[in-house]
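Please read the points below with the coordinates open.

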Amino acid sequence: MMKAKKTILTLFVLIISCTVLFAASSKDLFQEFSDNISSGDLSAAKETYSDLQDKIKSEASSAEKQMEKAYSKGNMELYLEARNEYRDLSGCMITKEQSDALLSMIVEEDAENAGKDAEWLYSISPYYRPTLSLDYSASGDNYSYSYSSSITVKPNSDVTLPDQEALGANSNRLGNLAGWGVTKDSVTYLPGETIKMPLTDQTLYAIWENSVTFKDEKTGIDEKNADVAEGDEIAVPSVSAADDGSVFAGWIDNTSGEYIAPDETVYTVRGSGANFVALYSNLEIKDLKTIPYSTLPENTQVTLTFYVENTGNEDMKNLEVNISSDDEDLSILTDTLYFRRLPAGGSGYVSTKVVYTGSESSRSIPLNISVSDSDGNTWSQAFTVTSK
């Protein structure tokens, strides 16, 4: 019985030794990976490639350590041998031909699996970088416009296509962007639509149309006049008064700079069309502070500061700021200030000096700030400051 157990143990040790001795090398696994591709077995190729990467990492680490030890001992023969083994691992990297063959198998799968497997191929292959090209070309009697750009991101990831504003294309010359097409004849995707990055190189063509549009997010106006021609007369939408203090300032086509004044009711088409958005002027007066005090001490100059913010989408020019109070005990040293220009979305800092000449403490003092533009529109804000 003891002799039988000893024989079994010896055989077990031999089996382990043979397994270690004949364990697949990187070259063996790379050949298996190549064979899987040749036979069209994508699943096996993915599994083998994972094993291959683990083996390359292991053999690279072993070769690096061998080079380090051999170099420290001055054994150049052993060092060069380990270095050659390390360099040979580069021959186990995926080739362009293999990458292309894998892609051919991937695109034949259903959409869900193809997307996932394309992401895997993108992560392992430097040769797989699908490109989405955008062709903006257009031509007419008096112009020829040709421009393109490209997007290269991970396949199956989200890509937002440019809209008319992002392109910055002149509406008078080209008309309006109807959308993007996989052919030059029909729209496949809308402007600004988010799509999945294709798995293979693709080109989308900008498709233009002759139209005049009017859009106003504030009032909900969204009108489109299709199939227009130069010289056509288009009715300009009527804009109702806003309830947030905004003043309607007309219509602007940001691609061409064409402007329609607030009182105009008819627009004559120029060129291929226009893309108008509503303009509004609006201001907010805020963040009043008395520095460095929180209340006004008697007979002391205090710095009064506040911000004027342009909350509209129209740049404002030649603004006049007036600061006043009905309280006779508050002196405003400079009560009129100016802004030459305040761009849309921008803000300006205002500073002046005030002096409280009264003697009553904890007194509420009214303060009014008004801002007027060059068209005579005025925005006002009331504040209260307190005596010390």
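1. Basis. The model is predicted: local features need pLDDT of at least 70, side-chain atom pairs count only at pLDDT 80 or more, and totals for chains, interfaces and linings use all residues. Residues are numbered from 1 along each chain as its sequence is written, and side-chain values use heavy atoms, with hydrogens and water left out. Helices (H or I, at least four residues) and strands (E, at least two) are DSSP runs numbered from the N terminus.

2. First sheet. Four strands form an open sheet in the order E4-E1-E8-E6, and the pairing is mixed. Pairing here requires that DSSP finds at least two bridges between two strands. Strand E4 (148–151) and E6 are the edge strands, each pairing on one side only. Neighbouring strands are turned by 25° against each other on average, direction ignored; such angles run from 0 to 180 degrees between N-to-C directions, with axes fitted as lines to C-alpha atoms, for helices over the stretch in contact.

3. Partners of E1. Strand E1 (residues 132–135) runs antiparallel to E4, and four bridges join the two. Within this pair, Leu-134 is opposite Ser-149 and Leu-132 is opposite Ile-151. With strand E8 (residues 202–209), E1 pairs in the parallel sense, again over four bridges; here Ser-133 faces Thr-203.

4. Another open sheet of four strands has the order E20-E18-E22-E23 and antiparallel pairing. Strand E20 (336–342) and strand E23 (378–386) are at the edges with a single partner strand each, so one side of each is left without a neighbour in the sheet. The twist from one strand to the next averages 20°. Strand E18 (residues 316–324) is joined to E20 by six bridges in the antiparallel sense, and Val-321 stands opposite Leu-337 of E20.

5. Helix pair. The axes of helix H3 (residues 42–73) and helix H6 (residues 111–124) come within 12 Å and cross at roughly 35°. H3 passes H6 in a left-handed crossing, the term for a near helix turned anticlockwise from the far one by less than a right angle. Leu-42, Lys-46 and Tyr-49 of H3 make the contact with Asp-117, Trp-120 and Ile-124 of H6, where contact means heavy atoms within 4.5 Å. By class, this contact has four nonpolar, no polar and two charged residues.

6. Largest pocket. The largest pocket holds about 770 Å³ of space. A pocket is an open set of points on a 1 Å grid over the protein atoms alone, where a 1.4 Å probe fits, with protein on both sides within 12 Å along at least five of seven lines; lining residues have an atom within 4 Å of a point. The volume is the space filled by probe spheres set on the points. Of the 30 lining residues, Glu-165, Lys-215, Glu-217, Asn-275 and Val-277 are the closest to the centre. Among the elements giving two or more residues to the lining are helix H7 (164–167) and strand E15 (273–281).

7. Backbone details. Most residues other than glycine have a negative phi, and most peptide bonds are trans. The bond from Ile-291 to Pro-292 is cis, with omega near 5°, and Pro-292 lies in the loop between strand E16 (283–291) and strand E17 (301–310). Asn-156 has a positive phi, near 80°, in the loop between E4 and strand E5 (158–160).

Notes:
Ala, Val, Leu, Ile, Met, Phe, Trp, Tyr, Cys and Pro count as nonpolar, Asp, Glu, Lys and Arg as charged, and the others, Gly among them, as polar.
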